[in-house]
Amino acid sequence: MSRHEDWREVGGPDALDAAIPAPSASGLPWLRPLRTRAVLGLTPVLAPAVLFVPIGAALGPSFTNVLNPTALAYLDAVVAVALAVLGVFAGLALDLRGSRDRRLFTAASLEASVTLLIVGGAFLVLLTSWQMPFALPHALVAVTLGLCASVSSAGGADESAPAHAMAIRIADLDDVLPIVVSGLVVVMLGSSAPMHIWVAVAWLFRTLVLGIAVGTAGWLLFERAHSRAERHVFIAGTVALIGGTSSFLGLSPLLAGLMAGLLWVWLPGQADRVVRSDLQRVQHPLIVVLLLVAGASCEFSLQAVWLSGPLVLFRLTGKLVGGWLAMRVQGLVTASELGLQLIAPGLLGIALALHLLQVVRTPGMTVVLTAVVVATLVSEALALVLRPAEERAA
């Protein structure tokens with residue numbers, strides 16, 4: 001197992017996963033595309049969003065109302081902690097001490113930037129021409145959709161192939177740019193008055209300082225813990241403090257968690273491995289709650305349908321173009337192969353949209369979240385069909 005393999009996937013290996021044997025290579029060929037990403041260790045499976053978001057929608061106010069608005073408000077704190085955990089894992093993936101890792105980070109950032117620009121620019125033109133009533137600036141809505149579209153979660157049947165392993169690493173690293181830019185969007189959307197970009201950048205630095213400060217304090221505690229149970233408490237408390245404090249201050253728990261995770265990678269000792277090992281014990285229930293809340297927060301409307309269709313198309317275009325440009329940097333796999341590996345969006349896009357809905361609870365942002373959820377489910381279905389040639393031949 002490589003040093004990146006154990007954190008490459010949200011909802012990755014834990015005690016439950018280890019207790020369930022890996023699927024055998026034999027079996028019906030049409031079931032192989034379903035073995036893309038693990039959901040709580042169960043196989044064959046679909047991506048977590050495909051399973052838990054519809055369940056959340058069925059439990060939400062639009063259907064059975066089991067998760068009513070009051071219950072969803074109480075779960076906001078849990079969602080903030082889940083966002084911080086996602087950010088920490090993104091930060092732990094930023095171990096760029098090798099030259100190859102730095103090249104992959106450059107390629108991943110280029111791919112995410114191209115997708116963000118294509119999706120955001122296309123939607124800015126569409127929203128301006130449609131004059132859809134969002135009660136939000138069209139530019140911020142376009143950037144939000146671009147951010148949610150630029151993340152990836154590579155998965156496939158043959159994870160031992162070198163091309164697929166590199167796509168997995170790029171999918172890990174292309175989350176960094178959307179998380180950083182989302183820190184600006186969170187501050188600008190949460191402001192009661194129009195905010196200048198330089199003021200938003202200043203608040204962005206405050207988010208980074210928050211992550212560094214809490215991460216350092218937590219490191220001083222759990223590095224000197226006298227027992228494993230005490231260490232678990234310190235790490236859980238540190239992550240909860242990151243999520244709760246940043247959410248209370250109107251900042252991004254994702255960005256604060258990313259900064260803390262990056263700090264733990266570069267601090268002396270085994271802080272990153274200790275944190276990763278402990279958080280893998282709690283990430284599954286937190287991710288399940290996040291996806292259930294996202295599904296319950298959706299309100300299906302004609303506006304959401306109008307947004308979700310172009311979002312799938314623009315994201316697919318952005319990933320293919322971004323993959324081609326990224327391979328001009330790397331040159332290790334063909335451009336079309338990388339673009340196809342990155343079609344699966346994972347769950348970070350849903351997490352970004354849900355957090356922005358928590359920041360500004362307007363019908364327009366609910367439409368954005370619903371569109372992102374529908375587009376994610378459709379893109380996951382496309383990822384099962386549009387697979388690289390080497391996987392189709394397997």
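A contact here means heavy atoms within 4.5 Å. With that in hand, welcome to a predicted model, in which local features need pLDDT of at least 70, side-chain atom pairs count only at pLDDT 80 or more, and totals for chains, interfaces and linings use all residues. Residues are numbered from 1 along each chain as its sequence is written, and side-chain values use heavy atoms, with hydrogens and water left out.

View 1. Helices (H or I, at least four residues) and strands (E, at least two) are DSSP runs, numbered from the N terminus. Of the contacts with a separation of 6 or more, 78% are between residues 24 or more positions apart. Buried residues make up 54% of the 394 residues, where buried means under 20% relative accessible area, exposed over 50% and partly exposed in between, with a 1.4 Å probe and protein chains only.

**View 2. The largest nonpolar core has 109 residues.** A nonpolar core is a set of buried Ala, Val, Leu, Ile, Met, Phe, Trp, Tyr and Cys residues joined through side-chain atoms within 4.5 Å. Phe134, Trp264 and Leu291 have the most contacts inside this core. Which helix gives the most to this core? The answer is helix 4 (residues 76–92), with 10 residues. Zooming in on Phe134, we find that it touches Leu127, Val141, Leu307, Gly364, Val367 and Val368, leaving aside residues up to four places away in sequence.

**View 3. Helix 4 is mostly covered.** Of its 17 residues, 13 are buried. From first C-alpha to last, helix 4 reaches 24 Å, close to the 24 Å expected at 1.5 Å a residue; the expected span is 1.5 Å times one less than the number of residues.

**View 4. Phe123 and Phe314 form an edge-to-face pair.** A search of the whole structure finds 3 aromatic pairs. The rule is that rings of Phe, Tyr and Trp (its six-membered ring) pair if their centres lie within 6.5 Å; planes under 30 degrees apart count as stacked, over 60 as edge-to-face and the rest as tilted. For Phe123 and Phe314 the ring centres are 5.3 Å apart and the planes are at 85°, so the pair is edge-to-face. Phe123 lies in helix 5 (residues 99–130) and Phe314 in helix 14 (residues 302–330), so this pair ties together parts that are 191 residues apart in sequence. Phe123 counts as buried at 0% relative accessibility, and Phe314 counts as buried at 18%.

**View 5. Trp130 and Trp306 form an edge-to-face pair.** Their ring centres are 5.5 Å apart and their planes are at 80°. Trp130 is in helix 5 and Trp306 is in helix 14, so the pair ties together parts that are 176 residues apart in sequence. Helix 5 itself has 32 residues and reaches 46 Å from its first C-alpha to its last, close to the 46 Å expected at 1.5 Å a residue. It is followed by Gln131, whose phi is positive, near 55°.

**View 6. Arg97 and Arg206 each place a charged end over a tryptophan ring.** A charge sits over a ring if NZ of Lys or CZ of Arg is within 6 Å of the ring centre and within 35 degrees of the ring normal. Arg97 sits over the ring of Trp266, 5.3 Å from its centre. For Arg206 the ring belongs to Trp203, with a distance of 4.1 Å to its centre.

**View 7. Thr238 and Ser297 are buried residues.** Thr238 has its place in helix 10 (residues 228–248) and counts as buried at 6% relative accessibility. Leaving aside residues up to four places away in sequence, Thr238 touches Val214, Gly218 and Trp264. Ser297 is found in helix 13 (residues 283–297) and counts as buried at 14% relative accessibility. With neighbours up to four places away in sequence not counted, Ser297 touches Leu72, Leu354, Leu357, Thr366 and Leu369.

**View 8. Leu316 lies in helix 14.** At 21% relative accessibility, Leu316 counts as partly exposed. Its C-alpha is 8.7 Å from that of Leu340, which is 24 residues away in sequence. Leu316 touches Ile343 and Leu386, not counting residues up to four places away in sequence.
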